[in-house]
Amino acid sequence: MSRAFKHVAIAAIIEMTLVALAVFAWRRGLLPWLPAGGPANVRAEFILIWAPAWFAVGAVFAGRRLASDRPRISDSHRRFLEGSMRVGAAFIVAIQGFFAYVDVSGATFNRELVVRGAAVFLGLWMTIHGNAAAKIDPPSGDGAPAAGIWTRALLRFGWIMVALGLGLVFFALVLPDPRQLRPVMIAILVVAVALEFEYRRMTRPGRPA
Amino acid sequence: MNRVFKALSDPTRRRILQLLRERPMTAGELAAHFPVHKATMSAHFSVLRDADLIAADKNGKSITYRLRLSVVEDALLAFADSLGLGFSTPSPVDNSNEEEA
């Protein structure tokens, strides 16, 4: 893990944790010099708590992958993972900041627009990353798959990610009710977990190349 | 992107990419599939490398090429193949009587 990436991840986690703590302290009257807040927005508070936790889990996961030496990941793979995490950090900090603002100010917002916007962003992110993923160089060392196996698998992963990303953008724009996006998101999550297991199987230490 | 289009416009280079889809190959293994001069093959490899469609790993004296396609480039390759681009015109780097690979 590069020092720059570590700094970005730690700064994002600290910023989001402080935002969540500040909102909770204010909501519970622990900041008496500020005017008391109104009733809490349960959905916003849920996002405030979980945003830093989700990101921390993702950062730990990415950090372990970056530090892996069985097999040792390539430089292009390292750049890909760190780039993904930087975009992820910016996205989750923005989302948490938005919901903190909504919770504190009591502002109303068009929930449908936010859900659709987030789904479109996620879909585009998956499409761009799926396209680039296919170009990642193979790992080396113990557990590294043969270059041909790696290339074919990554191209297949890339196509799946691009198809899912474009599908998500399409459904986010055309489904009449944004709640209908839930099964689409669950399907994407299931496929992402399956791809991760496939990656682990492919790079298992000790397997023949 | 111009480099990618240029690289994919030639049927020999597309055939090289299709061969590399199976497995990485040395320059010699690839050249064995084409009845063309070594220099012509080198020019094709150079165009593909400039477009970042293949990567070259040097092992001693031999160079092993492997595929390095993004999803969009893979789609363009399939599209160019389906249209048969470049079959009617000679390749700019190929001056031999190259048969279709």
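This is a predicted model: local features need pLDDT of at least 70, side-chain atom pairs count only at pLDDT 80 or more; totals for chains, interfaces and linings use all residues.
**The interface**

- Between chain A and chain B there are 4 salt bridges, and 11 residue pairs are in polar contact across the interface.

- A:Lys135 sits in the loop between α4 and α5 of chain A.
- Its relative accessibility is 15%, so A:Lys135 counts as buried.
- A salt bridge joins A:Lys135 to B:Glu73, with the closest N and O atoms 3.1 Å apart.
- The A:Lys135 side chain also reaches the backbone oxygen of B:Arg68 at 2.8 Å.
- Beyond its neighbours within four places in sequence, A:Lys135 is in contact with A:Ser76, and with B:Asp52, B:Leu53, B:Arg68, B:Leu69, B:Ser70 and B:Glu73.
- One of these partners, B:Asp52, lies in the loop between α4 and β2 (54-59) of chain B.
- B:Asp52 has a positive phi of about 60° although it is not a glycine, and at 31% relative accessibility it counts as partly exposed.

- Over all chains, the count comes to 15 salt bridges.
- Within chain A, A:Glu196 and A:Arg65 form a salt bridge whose closest N and O atoms are 2.6 Å apart.
- That pair links distant parts of the chain, 131 residues apart: A:Glu196 is in helix α6 (residues 181-202) and A:Arg65 in helix α2 (residues 42-67) of chain A.
- A:Arg65 counts as buried, at 14% relative accessibility.
- B:Arg66 and A:Asp137 meet through their side chains in a salt bridge (3.2 Å, N to O).
- This pair joins two chains, because B:Arg66 lies in strand β3 of chain B while A:Asp137 is in the loop between α4 and α5 of chain A.
- Both B:Arg66 and A:Asp137 are buried.
- Within chain B, the side chains of B:Arg21 and B:Asp74 meet in a salt bridge (2.6 Å, N to O).
- The two residues are 53 residues apart, with B:Arg21 in helix α2 and B:Asp74 in helix α5 of chain B.
- B:Arg21 is partly exposed at 24% relative accessible area, whereas B:Asp74 counts as buried at 9%.
- Salt bridges with shared partners join A:Lys135, A:Asp137, B:Asp52, B:Asp57, B:Arg66, B:Arg68 and B:Glu73 into one network.

**Nonpolar cores**

- The largest nonpolar core has 27 residues, and B:Leu8, B:Ile16, B:Leu17, B:Leu20, B:Leu30, B:Leu48 and B:Leu53 touch the most other members.
- At least two residues of this core come from each of α5 of chain A and α1 (2-8), α2 (11-22), α4 (38-50), β3 (62-67) and α5 (71-83) of chain B.
- Not counting residues up to four places away in sequence, B:Ile16 touches B:Leu30, B:Phe34, B:Met41, B:His44, B:Phe45 and B:Leu48.
- A second, separate core of 24 residues includes A:Phe5, A:Met16, A:Ala62 and A:Leu154.

**Build of chain B**

- Chain B has 5 helices and 3 strands, running α-α-β-α-α-β-β-α from the N terminus.
- Of its 101 residues, 43% are buried.

Definitions and conventions. Residues are numbered from 1 along each chain as its sequence is written. Chains are lettered from A and ligands numbered from 1 in the order in which they are written. Side-chain values use heavy atoms; hydrogens and water are left out. A polar contact is a pair of N or O atoms within 3.5 Å; within protein, one must be able to donate a hydrogen and the other to accept it, and residues adjacent in sequence count only if both atoms are side-chain atoms. Helices (H or I, at least four residues) and strands (E, at least two) are DSSP runs, numbered from the N terminus. Buried means under 20% relative accessible area, exposed over 50%, partly exposed in between (1.4 Å probe, protein chains only). Contact means heavy atoms within 4.5 Å. A nonpolar core is a set of buried Ala, Val, Leu, Ile, Met, Phe, Trp, Tyr and Cys residues joined through side-chain atoms within 4.5 Å.
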